[in-house]
Amino acid sequence: MIDLRIADWRAWAPGLDSAQAWQAWAQAPCAPPEQGEQPDCAFLPPMQRRRLSRMARMALHVAWPLCGDDEQLPLVFASRHGETTRTYAILGDVADQQPLSPTQFGLSVHNAIAGQWSILRGQRAESTAIAGEGDTFEHALLEAATLLDQGAPAVIVVIAEERPPEAYEAWIDDVPFSYALALRIGASRMGDATPASSWRLRLAGHAAVASRSDWPFALDFLRALHAAPAPFVHTWKTRQWIWQPNL
Amino acid sequence: MTDLQLDIAQLIIDTLSLEDLAASDIDPSMPLFGDGLGLDSIDALELALALQKRYEIQIASDSRDARQHFATVASLAAFVEAQRTACAG
């Protein structure tokens, strides 16, 4: 059982890039149309921006404002599927017996975005990159809770998924649209008056047939943040994650 | 700026995603690495790959002269010229 204080959050999806837009989405969720839109990350100079993939831009865009310039905070980067676009392009080159792009190859590991965050944001605290199953979101928060328990004042958690290339469509059915969600867990930023929301997360065994949320758990949690505080459950296989608001 | 220099400048921009630059912005004598354009070692590898593909030339990865060849657009153009001549001969 863990207690999580959500000090602040940011989310991005095509056409959804403000607190108001997410408020409206939470009340009437739908999959926005998507044509490769990506955040411009104009807070970075062009020379630093050029190697950022679409997913990296999404992740940095949402995480950036949650960390103060004078802070060193651990990062948890979580993605179930990772950069499928990049992977597919590299595999295509392998199949065609083409030499691999050093840049693409060098950034093809799951912790590449965590590394880019560290370099571009000047963050020297520990970072973790995880990939889980459909409940990757809850596993990321569990990881954050362990970092808080080790003494971190706050942890930045980023969960990002990208619409996969068509070739993966028969296998990847839980990314209705590309999205990134960043949460600041723990203490608020100095001077930040954003009201925090507190939750208790519990894992219970579950023997019955797994039920599914209509939306990926990270987005379903975003809905819960916009609703009147109420308990809810995310079930994946034998794992039942029970969310309760701490009032 | 010769046609080949312009072509190489454009290849650099396209290959390395220098979205805010035009080929004519890269002076043939401007250092590509370090203080000039600001490219780094990964760019050098990426650029070598792109040059080999585009101009069908060979670049030995252990070449001691590579540093000089890759110094500027002008030196790269001279290098590509020489390699092409060598390959054709």
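The pLDDT is the predictor's confidence in each residue, on a scale from 0 to 100; chain B averages 91, with 97% of the residues scoring at least 70. For the model, the scores are ipTM 0.83 and pTM 0.92. The model is predicted, and local features need pLDDT of at least 70, side-chain atom pairs count only at pLDDT 80 or more, and totals for chains, interfaces and linings use all residues. Residues are numbered from 1 along each chain as its sequence is written, while chains are lettered from A and ligands numbered from 1 in the order in which they are written.

In chain B, helix α1 (residues 3–15) packs with helix α4 (residues 73–88) at an angle of about 110 degrees, the axes being 9 Å apart. Axes here are lines fitted to C-alpha atoms, for helices over the stretch in contact, and angles run from 0 to 180 degrees between N-to-C directions. The two helices α1(B) and α4(B) are therefore roughly perpendicular to each other (angles of 65 to 115 degrees, with under 35 counting as roughly parallel, over 145 as roughly antiparallel and the rest as oblique). Contact, meaning C-beta atoms placed from the backbone and lying within 7 Å, is made by Leu4(B), Gln5(B), Ile8(B) and Ala9(B) of α1(B) with residues of α4(B) including Val73(B), Leu76(B) and Val80(B). The residues of this contact between α1(B) and α4(B) comprise 8 nonpolar, 1 polar and 1 charged, where Ala, Val, Leu, Ile, Met, Phe, Trp, Tyr, Cys and Pro count as nonpolar, Asp, Glu, Lys and Arg as charged, and the others, Gly among them, as polar.

In chain A, the axes of helix α1 (residues 19–27) and helix α8 (residues 217–226) come within 9 Å and cross at roughly 100 degrees, and α1(A) and α8(A) are therefore roughly perpendicular to each other. Trp22(A), Gln23(A) and Ala26(A) of α1(A) meet Leu222(A), Arg223(A) and His226(A) of α8(A).

Helix α3 (residues 54–63) of chain A has 9 of its 10 residues buried, so it is largely enclosed by the rest of the structure; a residue is buried if 20 or more other C-beta atoms, placed from the backbone, lie within 10 Å of its own, exposed if 12 or fewer, and partly exposed in between. Among the buried residues of α3(A) are Arg57(A) and His61(A).

Methods:
Helix = DSSP H or I, 4+ residues; strand = E, 2+ residues; numbered from the N terminus. Contact = placed C-beta atoms within 7 Å.
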